[in-house]
Amino acid sequence: MTDTKITQIYTQAQITERVAEMGKEISKAYTPDEPLLAICVIKGAVLFYADLVKAIRDRDVRFGFVAASSYYSASGDRMRSTGTVNMKYSSVDESEIKGAEVLIIEDIIDTGRTLKALKEYFYEKGAKVVRIATLLNKPDCRVVDVEPDYNAFTITGNPYIIGYGLDNAQQYRNLDGVYKIN
């Protein structure tokens, strides 16, 4: 780790407790007889995704992965939104989406652009329902109309967040809690 000053805002224990609660909420909301297509927005959501899908009980959970972002890093600076969503990769075949109950699992909602675009994409491909689960929600940063259906924590203002999958120029993803850069 560099000389970056960070402050922990959520511990691993807090995250674990909240993710277990979210798993119960999600299990109740979806049709028990239908498989749930859980889509991980990589790279940032991987740790949250792994913990959340294990907490979803009493139904078949199918895995899918997409890489989509509106963010970039310029020479080690903090990430910034370009305003344009770029879908770089999807492991999900269109036949898996048609008629599916989809849960997009994301690490953080800032501007909302990426999740709005992904939600529209899955509906365009024929999903029956598309919901969003996020670890962190930053409503003060929203520039498009999209809200999570399931949210672990809400953060006010616009602190830069790292840890538990979230990064700054690919650093700090492996921290076990959630931190803000001071």
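Arg59 sits in the loop that runs between helix H2 (46-55) and strand S3 (61-72); helices (H or I, at least four residues) and strands (E, at least two) are DSSP runs, numbered from the N terminus. This is a predicted model, where local features need pLDDT of at least 70 and side-chain atom pairs count only at pLDDT 80 or more, while totals for chains, interfaces and linings use all residues. Residues are numbered from 1 along each chain as its sequence is written, and side-chain values use heavy atoms, with hydrogens and water left out.

Buried means under 20% relative accessible area, exposed over 50%, and partly exposed in between (1.4 Å probe, protein chains only). What the Arg59 side chain does have is the backbone oxygen of Tyr30, 2.9 Å from one of its polar atoms. Setting aside neighbours within four places in sequence, Arg59 is in contact (heavy atoms within 4.5 Å) with residues including Ile26, Ser27, Thr31, Pro32 and Leu36.

On to the cysteines. Cys40 counts as buried because its relative accessibility is 0%, and Cys141 is buried too, at 15%. The disulfide count is zero, taking a disulfide as a pair of cysteine sulfur atoms within 2.5 Å.

Now for the rings. There are four aromatic pairs. Rings of Phe, Tyr and Trp (its six-membered ring) pair if their centres lie within 6.5 Å; planes under 30 degrees apart count as stacked, over 60 as edge-to-face and the rest as tilted. One of the pairs, Tyr10 with Phe153, is stacked, at 3.9 Å centre to centre and 20° between the planes. Tyr10 belongs to strand S1 (residues 6-10) and Phe153 to strand S7 (residues 150-154), so this pair ties together parts 143 residues apart in sequence. Both Tyr10 and Phe153 are buried.

Tyr49 and Phe63 make an edge-to-face pair, with 5.4 Å centre to centre and 80° between the planes. Since Tyr49 is in helix H2 and Phe63 in strand S3, the parts tied together here are 14 residues apart in sequence. Tyr49 is buried, at 3% relative accessible area, whereas Phe63 is partly exposed, at 47%. Tyr49 and Phe63 also form one aromatic cluster with Phe65.

Technical notes. A polar contact is a pair of N or O atoms within 3.5 Å; within protein, one must be able to donate a hydrogen and the other to accept it, and residues adjacent in sequence count only if both atoms are side-chain atoms.
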